[in-house]
Amino acid sequence: KDGKDHYLSGIFMQAEMKNGNGRNYNVSEITAACESIMEKIKQGHPIAGELNHPDDLSINLERVSHIITDIRMEGNNAIGKAKLLNTPMGTLAKNLLEGGLRLGVSSRGTGEVNESGDVSGFSFVTMDIVATPSAPDAFPNSIHESLEYASNGKEVLKLSEAVIHDES
């Protein structure tokens with residue numbers, strides 16, 4: 001509302017558990033995806049995502065709502081950060097969040113799935129904003145850029161991101 005950037009920050013993917021689609025990604029598959037994403041970001045190629053999963057793997061620029069700005073592994077969780085864009089779909093996502101809706105994120109990609117649901121050869125395409133993510137805890141927090149520029153704001157943000165998923 002004040003012209004500052006709006007982000008989603010938190011768990012983006014989870015490994016070593018059956019997700020809502022009955023799939024299990026091992027930690028090495030998710031780690032490789034995170035490393036690939038960060039390499040593209042460092043090379044100046046942010047990963048664009050859409051509001052809702054489309055029916056195919058192509059990224060439709062008319063439906064782009066956000067870009068991934070950071071992702072890293074913490075245990076079996078991929079912790080990410082995505083900047084909501086001032087596009088029609090990004091604005092819709094911001095309005096949904098400001099209206100109190102809890103939004104999730106879900107990866108889009110390809111891979112081989114065996115009969116027990118284990119995924120191998122995962123090829124990451126993007127993360128989309130969805131109503132119901134397949135990873136049970138993939139409901140990142142909504143944050144505004146203004147906190148990052150406050151006195152000690154980055155430290156407060158880092159601490160809050162770390163403790164939000166700490167059950168103790």
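Predicted model: local features only at pLDDT ≥ 70, side-chain atom pairs only at ≥ 80, totals over all residues.
E4 (64-74) and E5 (77-84) run antiparallel and are joined by eight bridges; strands count as paired here if DSSP finds at least two bridges between them. Helices (H or I, at least four residues) and strands (E, at least two) are DSSP runs, numbered from the N terminus. Residues are numbered from 1 along each chain as its sequence is written, and side-chain values use heavy atoms, with hydrogens and water left out.

**Strand pairing**
- Two residues sit between E4 and E5 in a hairpin, and Gly 75 in the turn has a positive phi of about 65°.
- Glu 74 stands opposite Asn 77 in E5.
- E4 also pairs with strand E3 (residues 47-50), again antiparallel, over four bridges.
- Gly 49 has His 66 in E4 as its bridge partner.

**Salt bridges**
- With a salt bridge taken as a side-chain nitrogen of Lys or Arg within 4 Å of a carboxyl oxygen of Asp or Glu, the count comes to six.
- Glu 50 pairs with Arg 63, the closest N and O atoms being 3.9 Å apart. Glu 50 lies in strand E3 and Arg 63 in the loop between E3 and E4, so this pair ties together parts 13 residues apart in sequence.
- Glu 50 is buried at 1% relative accessibility, while Arg 63 is partly exposed at 30%. (Buried means under 20% relative accessible area, exposed over 50%, partly exposed in between, using a 1.4 Å probe and protein chains only.)
- Glu 50 also meets Arg 108 in a salt bridge at 3.3 Å, N to O. Arg 108 is in strand E6 (residues 104-113), so the link to Glu 50 in E3 spans 58 residues in sequence. Arg 108 and Glu 50 are both buried.
- Glu 74 and Arg 72 form a salt bridge at 2.9 Å, N to O. Glu 74 is partly exposed at 41%, and so is Arg 72 at 33%.
- Shared partners join Glu 50, Arg 63, Arg 108 and Asp 128 into one network of salt bridges.

**Gln 14**
- Gln 14 is found in strand E1 and is buried, with a relative accessible area of 7%.
- Its side chain makes a 3.2 Å polar contact with the side chain of Asn 77. (That term covers a pair of N or O atoms within 3.5 Å; within protein, one must be able to donate a hydrogen and the other to accept it, and residues adjacent in sequence count only if both atoms are side-chain atoms.)
- A polar atom of the Gln 14 side chain also lies 2.9 Å from the backbone nitrogen of Asp 137.

- In H2 (residues 88-98), Met 89, Gly 90, Ala 93, Lys 94 and Leu 97 are buried. Seen down the helix axis, they fall within an arc of 145° (from the directions to the C-beta atoms), so they line one face.
- Just after H2, Gly 100 takes a positive phi of about 100°.

Conventions: Contact = heavy atoms within 4.5 Å.
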